[in-house]
Amino acid sequence: MPAIAAPSKILVTGANGYIAAHVIKSLLRDNFSVRGAVRSASKGKYFKDLFASHEDRFEYFVIPDISSPTAYDEAVRGVSGILHLASPLPKEVEDAKEIVSPIVDGTHGLFESVRKYAPGVKRIIVTSSTVAALEPKEGLYMYSEADWNDAAVKALEEQGSKASGVTMYEAGKVLEERAIFEYVEKNEGKIGFDVVTILPTWVFGPMIHELGPFETLGFGSFKALYYCLTEQPALYERMEWNWVG
């Protein structure tokens with residue numbers, strides 16, 4: 001599949017997130033046009049102001065519920081590539097669907113919208129997570145593309161909504177990525193785009209996105225760094241087997 005060249009328009013989902021904000025900044029720097037998908041107009045306005053110097057090449061699209069099967073029908077029209085970063089972060093919820101559905105159903109809905117309404121899309125890059133592969137192992141272990149965190153899926157099946165928010169997130173990322181590969185295989189010859197999944201670990205650096213009150217944030221890199229700096233032992237125990245230094 002050919003590389004996508006500027007000034008093509010790229011859709012970035014979850015545009016108001018930590019990684020996505022830097023992705024948008026890089027795309028605009030490299031002369032791409034960007035359509036950012038956000039959940040509210042206020043979040044979109046923040047980025048219109050942030051990227052005011054690129055006003056002619058940045059626009060936003062409001063999608064309140066990414067779990068909806070038709071959520072992306074309009075947002076995908078006219079774009080050449082998609083960077084799919086929209087995802088809830090781990091948090092404690094009463095219903096596992098609050099975390100799993102936006103991850104799994106949101107991605108499937110995006111792919112269906114592209115298949116139906118965006119024939120010009122050449123590539124979709126999905127930001128998964130290392131938790132999709134990092135099933136705990138004994139001793140030293142080298143992970144590869146063959147590894148899946150099936151333990152998280154099993155834990156979710158057994159515990160349901162009593163599972164921790166972290167377990168829900170991990171299971172959601174496994175189910176999402178498996179569903180992506182199944183979708184591509186099932187629709188071979190019917191879709192004109194290829195798919196790349198990226199599994200980042202903890203990501204640290206300058207924050208340019210809008211932050212709400214600390215207690216409202218999901219468990220992402222920002223909170224992880226805070227917990228490390230404040231030396232909370234429980235976090236060390238949780239992170240030591242999947243930390244990349």
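Predicted model: local features only at pLDDT ≥ 70, side-chain atom pairs only at ≥ 80, totals over all residues.
1. Helix pair. Helix H4, which covers residues 150–159, and helix H5, which covers residues 165–186, have axes that come within 8 Å and cross at roughly 115°. On the H4 side the contact is made by Asp150, Ala152, Val153, Ala155 and Leu156, while H5 contributes Thr167, Met168, Glu170, Ala171, Val174, Leu175 and Arg178. Sorted by class, the residues of this contact are 8 nonpolar, 1 polar and 3 charged.

2. Sheet order. An open sheet is formed by 6 strands, which follow one another in the order E3-E2-E1-E4-E5-E6 with parallel pairing. Strand E3 (58–62) and strand E6 (194–198) are the edge strands, each of them pairing on one side only. Direction ignored, neighbouring strands of the sheet are turned by 20° against each other on average.

3. The E2–E3 pairing. Strand E2, made up of residues 33–38, runs parallel to E3 and is joined to it by 5 bridges. Within this part of the sheet, Ala37 stands opposite Phe61 of E3.

4. Helices on the sheet. Helix H1 (residues 18–29) packs on the sheet, where it touches strand E1 (9–13), E2, E3 and strand E4 (81–84), and the direction of H1 makes about 170° with that of E1. H5, already described as the partner of H4, also packs on the sheet, touching E4, strand E5 (123–127) and E6, and its direction makes about 160° with that of E6.

5. Second largest pocket. The second largest pocket holds about 250 Å³ of space. Its lining consists of 13 residues, of which Ala133, Ser144, Glu145, Asp147 and Leu199 lie nearest the centre. By class, the lining divides into 7 nonpolar, 3 polar and 3 charged residues.

6. Backbone features to inspect. Most residues other than glycine have a negative phi, and most peptide bonds are trans. Against that background, the peptide bond from Ala6 to Pro7 is cis, with omega near 10°, and Pro7 is found in the segment before E1. Asn31, although it is not a glycine, has a positive phi of about 75°, and this residue lies in the loop between H1 and E2.

Note on methods
Residues numbered from 1 in each chain as written. Heavy atoms only, no water. Axes fitted to C-alpha atoms, helices over the stretch in contact; angles between N-to-C directions. Helix = DSSP H or I, 4+ residues; strand = E, 2+ residues; numbered from the N terminus. Contact = heavy atoms within 4.5 Å. Nonpolar A, V, L, I, M, F, W, Y, C, P; charged D, E, K, R; others polar. 1 Å grid on protein atoms, 1.4 Å probe; cavity = no way out; pocket = protein on both sides within 12 Å on 5 of 7 lines; lining within 4 Å. Points joined across faces, edges and corners; volume = space filled by probe spheres on them. Pairing = 2+ DSSP bridges.
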